[in-house]
Amino acid sequence: MQQPVKTYTLEEAKRKLEAYCAYQDRCHKEVREKLLQMQMIPDAIDAIIYHLLQHKFLDEERFARSFARGKFRHKQWGKNRIKQELKQREIGDYIIKKAFTEIPDSEYLETFDLLAQKRFNQLTEKDKYKKRKKLADYLFYRGWPGDWIYEKSKELIP
């Protein structure tokens, strides 16, 4: 037996999505996916997204800025990884550039140095080439610039 699917009126869906967006900044793609999960029709989806935009529940730039700030500060991601993740959420290049203004250059470089040093101290590999590769792979995965990684790995593992 299948579970009966909950249906929503336009007003119920609006209130539910207002709460969804108020809890945490969301991008258009996440909101659209949520509405599709709720089995809303395309006209209703457009109406609800328009309502959320009008009442400032949904703001792509605000989302991108808080996303970039949060992932950099808490997960210590580099700009390459942040950009890739924002692109997956269908955020435009112009907004991505604006989001990167949330990350001060001095703090960005300092975080990279601290992260590289921390990872270097965790590595127990004896072979210097394997150790260098492990350090580089870790930093690449986190989205840091390749030239920085190359220089830092040469510096830490001569």
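Student: Is arginine 69 buried, partly exposed or exposed?

Tutor: Arginine 69 counts as partly exposed, at 31% relative accessibility. Here is the scale: buried means under 20% relative accessible area, exposed means over 50%, and partly exposed lies in between (1.4 Å probe, protein chains only). A word on the source: this is a predicted model, in which local features need pLDDT of at least 70 and side-chain atom pairs count only at pLDDT 80 or more, while totals for chains, interfaces and linings use all residues. Residues are numbered from 1 along each chain as its sequence is written, and side-chain values use heavy atoms, with hydrogens and water left out.

Student: Which residue does arginine 69 meet in a salt bridge?

Tutor: First the rule: a salt bridge is a side-chain nitrogen of Lys or Arg within 4 Å of a carboxyl oxygen of Asp or Glu. The partner of arginine 69 is glutamate 102, at 2.4 Å from N to O. Arginine 69 sits in helix α4 (residues 60–75) and glutamate 102 in the loop between α6 (93–100) and α7 (105–122), so this pair ties together parts that are 33 residues apart in sequence. Helices here are DSSP runs (H or I, at least four residues), numbered from the N terminus.

Student: Which residues are linked with these two in a network?

Tutor: The network of salt bridges links Glu61, Arg65, Arg69, Lys98 and Glu102.

Student: How many salt bridges are found in the whole structure?

Tutor: The search finds 19. Among them is the pair of lysine 87 and aspartate 93, at 2.3 Å from N to O. Lysine 87 is partly exposed at 39%, and aspartate 93 is partly exposed at 40%. Another pair is glutamate 125 with lysine 134, at 3.4 Å. Glutamate 125 is partly exposed, at 23%, and lysine 134 is partly exposed too, at 40%.

Student: How many disulfides are there?

Tutor: A disulfide is a pair of cysteine sulfur atoms within 2.5 Å, and the count by this rule is 0. Take cysteine 21: the closest cysteine sulfur belongs to cysteine 27 and is 9.6 Å away, which is too far for a bond. Cysteine 21 is buried, at 4% relative accessibility, and cysteine 27 is buried as well, at 0%.

Student: What describes a pair of aromatic rings?

Tutor: Two things do: the distance of the centres and the angle of the planes. Rings of Phe, Tyr and Trp (its six-membered ring) pair if their centres lie within 6.5 Å; planes under 30 degrees apart count as stacked, over 60 as edge-to-face and the rest as tilted. In this structure the search finds 7 aromatic pairs. In one of them, the rings of phenylalanine 63 and phenylalanine 67 have centres 5.7 Å apart and planes at 35°, so the pair is tilted. Both residues lie in helix α4, 4 residues apart, about one turn of the helix, and both are buried. Elsewhere, Phe72, Tyr108, Phe112, Trp144 and Trp148 form one aromatic cluster.

Student: Which residue lies over the face of tyrosine 20?

Tutor: A charge sits over a ring if NZ of Lys or CZ of Arg is within 6 Å of the ring centre and within 35 degrees of the ring normal. Over tyrosine 20 lies arginine 26, at 3.7 Å from the ring centre. Arginine 81 lies over the face of tyrosine 141, at 4.6 Å from the ring centre.

Student: Which residues of helix α2 are buried?

Tutor: A helix can be read by its turns: an α-helix has 3.6 residues a turn, so residues three or four places apart point the same way. In α2 (residues 28–37), the buried residues are Glu30, Val31 and Leu35. Seen down the axis, they fall within an arc of 135°, so they line one face of the helix; the arc is that of the directions from the helix axis to the C-beta atoms. On the other side of α2, Leu36 and Gln37 are exposed. The cover over the buried residues includes α1 (10–23), α3 (42–54) and α4, where contact means heavy atoms within 4.5 Å.

Student: What is the phi of glutamine 39?

Tutor: Most residues other than glycine have a negative phi. Glutamine 39 is not a glycine, yet its phi is positive, about 60°. Glutamine 39 lies in the loop between α2 and α3 and is exposed, at 55%. Glutamate 90 also has a positive phi, near 60°. Glutamate 90 is in the loop between α5 (79–88) and α6, and counts as exposed at 57%.

Terms used: Helices (H or I, at least four residues) and strands (E, at least two) are DSSP runs, numbered from the N terminus.
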